[in-house]
Amino acid sequence: MERLARACQSARWFVVVGWILVVVALSALSGTFGGETSDDYELPGSPSDRAVQILEAGGFSSGAGTQAQLVLHREDGLDQAPVREQVASMVDEVADRVPDASVVGPFAPEGAHQLSPDRTTGYVTVGLPTQDAEATAELRDDLADLRETFASDGLTVEVGGLGAEQESESGPPSEMIGVLAAIVILLFAFGSVFAMVLPILVGVVGAASGVALVGLGARAVDMPSFAAPVAAMIAIGVGIDYALLVVTRYREVLAAGAHPARAVVLAQSTAGRSVLFAGVTVVIASLGLVLMDLKVITGVAMGIAGSVLVTMLAAVTLLPAMLAITGRRIDRLSVHRRRTTSDGGRLARRWSRVVQRRPWPAALAATAVLVLLTLPVLDLRLGFSDAGTRPTSDTSRRAYDLVAQGFGPGANGPLVVAAALEEGAGPDEVETLADTLAATPGVAATTPPVFSAAGDVAFLQVIPTTGPQDEATTDLVHRIRHDVVPASDGLEVALGGATAAAVDFADYTAERLPLFLAVVLGAALVLLVAVFRGLAVAIKAVLVNLLSLGAAFGAVVAVFQWGWGVELLDLGASAPIEAWVPMMLIAIVFGLSMDYEVFLLSRIREEYDRTGDNAAAVAEGLARTARVISAAAAIMVCVFGSFVLGSSRELQLFGFGLAFAVFIDASLVRLVLVPAVMELLGDRNWWIPRWLDRALPRLTIEASRGPRGER
């Protein structure tokens with residue numbers, strides 16, 4: 001790290017220009033050769049995937065293309081001559097504008113089921129054969145124009161279906177809100193415009209490069225639509241965070257009298273090594289998600305890993321070059337009346353002593369709060385959002401509500417039953433299956449079976465009595481698979497459709513979450529023991545990080561699943577937690593927690609090695625790091641929390657979970673639980689069995705240094 005810092009200083013302008021060229025080149029390549037995103041949640045080998053295979057073998061469409069609807073409602077009924085003519089004109093207009101689409105209206109013979117029993121609600125189905133993003137966007141625009149054209153005082157027209165739901169999935173424009181908040185926090189923390197600008201530049205470079213890498217990666221792997229905004233969110237947060245740690249250390253060494261060139265080297269060989277360790281940890285944790293063997297998760301995991309890797313490289317190469325250019329001007333353009341280049345941490349030191357004087361009450365109180373926040377996790381349900389979880393201001397939500405009102409809540413998520421007839425079976429067995437399904441508790445209706453041309457495959461739809469997000473619908477899927485399907489003689493039956501596929505995905509991730517969590521915990525434990533040579537302090541760190549993660553999960557469940565505050569935050573309706581979010585939160589939160597853990601414990605260990613006094617080391621370590629950790633956490637909370645202001649529930653949920661986890665970690669955990677537990681453990685914090693000490697490699701983050709930064 002020292003040699004790298006010196007090299008970046010010597011070639012400072014080449015490094016800066018080189019990074020500018022890299023960002024421009026990556027962005028240009030992504031715009032020219034970038035692939036299309038694909039929200040493909042299919043699970044090979046699952047029952048819903050088998051249903052698709054049976055349908056395709058029988059010559060039926062699997063519904064893999066883009067589906068959209070024009071939902072119509074008129075209080076005095078649609079079945080009137082003038083209204084029928086208006087609907088017919090709408091169908092013709094859609095067919096003219098989108099010639100490749102299959103368009104079926106509610107008054108066509110094959111669309112009889114698209115008119116509600118009371119004749120007041122109906123819908124026009126529009127289907128594209130593929131999920132091409134450009135064609136979907138054009139279809140969405142065309143349907144929005146038709147909605148404006150045909151809606152009148154008496155006729156309500158809303159646009160629904162998957163094609164409409166994808167409208168805002170590319171991520172919110174609220175990222176800039178987080179950046180602006182970071183600027184304010186950095187100005188307050190540093191008191192200097194120059195010191196503020198450097199972390200912002202590193203974060204922006206990381207975000208721009210990360211988004212470009214996601215675009216390029218979409219050519220090789222399936223990238224979901226939320227991969228780019230998630231990568232940008234993580235890159236901005238960790239980029240500013242990493243640079244903040246290095247710049248803070250640089251200013252401390254500079255204030256102690258060191259030459260700027262020497263200060264850059266010392267900052268990089270101390271805080272820079274912490275950044276390197278924390279960044280590699282996040283990358284490893286993200287890539288660990290690939291082991292889940294899910295295409296959609298693999299894409300976003302690689303996007304996050306790539307963006308964090310580039311951001312980390314910028315922090316250890318671009319930042320030293322910019323510090324070399326800035327030199328002593330780091331404190332220029334001060335916004336404070338008095339020049340403050342270092343913080344003695346008197347308040348944090350006093351607070352640590354208060355906690356250490358009464359460690360048991362502090363530890364028990366903090367643990368009780370964390371456990372209380374974690375309790376909602378016991379009711380965690382995994383699933384996927386749909387139009388029903390959007391705010392009522394969204395046309396797709398209003399279309400969803402009209403369909404539920406006219407056809408029943410289950411009409412928004414019908415189940416598809418595919419049946420392959422075995423030798424000797426005929427239509428009677430399929431009719432028996434249909435009758436059994438119709439009599440199953442939780443089923444509102446079934447459609448008549450439709451047979452393939454060869455008569456060897458049939459399918460029908462099952463309309464649940466409850467909506468797609470309802471827990472009773474999940475129970476119905478399991479009941480049909482466990483009770484009805486095995487009793488179907490002469491048939492191979494598979495239950496599919498979007499709702500059943502969501503249940504399969506949620507079940508798959510829920511089964512593998514404990515193993516993934518154990519792997520992440522184990523890796524974090526080994527790394528911490530190897531770095532700090534203390535078994536107790538490493539176990540403590542893993543346990544408190546687990547508590548903060550549980551508290552974040554609990555808050556997510558309370559807000560997004562139970563609906564606490566959804567109206568205040570305009571989050572739409574409550575629903576199950578996105579099935580991919582828990583594993584992503586585990587990977588990212590543990591990576592970010594390791595950042596703060598390493599920064600705090602390295603200072604504590606440095607003081608302990610110097611004085612041999614555990615209590616004094618804890619107080620001094622907290623005093624030296626409290627301000628920078630608080631500033632870094634506040635920036636993270638603002639950056640991640642700004643995504644709650646967006647329109648994508650997936651990103652709102654993910655951003656809220658990350659922001660809450662960072663807030664709890666930097667406040668209750670770092671300021672109360674960690675000093676209390678380390679005081680209780682005393683010198684036992686740093687005990688390690690001899691055999692383990694010999695077996696583990698020695699990883700040094702920060703070496704002990706004198707007041708001027710010398711070794």
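Student: Why are helices α10 and α11 called roughly antiparallel to each other?

Tutor: In this predicted model, the axes of helix α10 (residues 260-287) and helix α11 (residues 295-326) cross at roughly 175 degrees. Angles over 145 degrees count as roughly antiparallel, and α10 and α11 are therefore described in that way. Their axes also come within 8 Å.

Student: Which residues make the contact between α10 and α11?

Tutor: On the α10 side, the residues include Val264, Gln268, Gly272 and Val275. On the α11 side, they include Ala301, Ile304, Ala305 and Val308.

Student: What makes α16 and α17 roughly perpendicular?

Tutor: Helix α16 (residues 471-484) and helix α17 (residues 498-532) pack at an angle of about 90 degrees. The range for roughly perpendicular is 65 to 115 degrees, so α16 and α17 receive that description. Their axes are 10 Å apart. Where they meet, α16 contributes Thr473, Thr474, Val477, His478 and Arg481, while α17 contributes Thr499, Ala500, Val503, Asp504 and Asp507.

Student: How do you know whether Val416 is buried or exposed?

Tutor: The relative accessibility of Val416 is 17%. Buried means under 20%, so Val416 counts as buried. Val416 is placed in strand β6 (residues 415-421). Apart from neighbours within four places in sequence, Val416 is in contact with Leu55, Phe459, Leu460, Ala494, Leu495, Gly496 and Gly497.

Student: How far is Val416 from Gly178 in sequence and in space?

Tutor: Val416 and Gly178 are separated by 238 residues in sequence and by 43 Å in space, C-alpha to C-alpha.

Student: Why is Ala255 called partly exposed?

Tutor: Ala255 has a relative accessibility of 42%. Partly exposed covers values between the 20% limit for buried and the 50% limit for exposed, so Ala255 counts as partly exposed. Ala255 belongs to helix α9 (residues 227-255). From Ala255 to Gly550 there are 295 residues in sequence and 40 Å in space, C-alpha to C-alpha.

Student: What makes Leu378 an exposed residue?

Tutor: Leu378 has a relative accessible area of 76%. Exposed means over 50%, and Leu378 is therefore classed as exposed. Leu378 is found in the loop between α13 (359-374) and β5 (382-383).

Student: Which residues form a nonpolar patch on the surface with Leu378?

Tutor: Val371, Leu372 and Leu375 form the patch with Leu378. Together, these four residues have about 430 Å² of accessible area.

How values were computed:
Residues numbered from 1 in each chain as written. Predicted model: local features only at pLDDT ≥ 70, side-chain atom pairs only at ≥ 80, totals over all residues. Heavy atoms only, no water. Patch = residues over 30% accessible without salt bridge, like charges linked within 9 Å, V, L, I, M, F, W, Y side chains within 5 Å. Areas by Shrake-Rupley, 256 points an atom, 1.4 Å probe, with all protein chains shown as cover. Salt bridge = Lys/Arg side-chain N within 4 Å of Asp/Glu carboxyl O. Helix = DSSP H or I, 4+ residues; strand = E, 2+ residues; numbered from the N terminus. Buried < 20%, exposed > 50% of the residue type's maximum accessible area, 1.4 Å probe, protein only. Axes fitted to C-alpha atoms, helices over the stretch in contact; angles between N-to-C directions. Parallel < 35°, antiparallel > 145°, perpendicular 65-115°, else oblique. Contact = heavy atoms within 4.5 Å.
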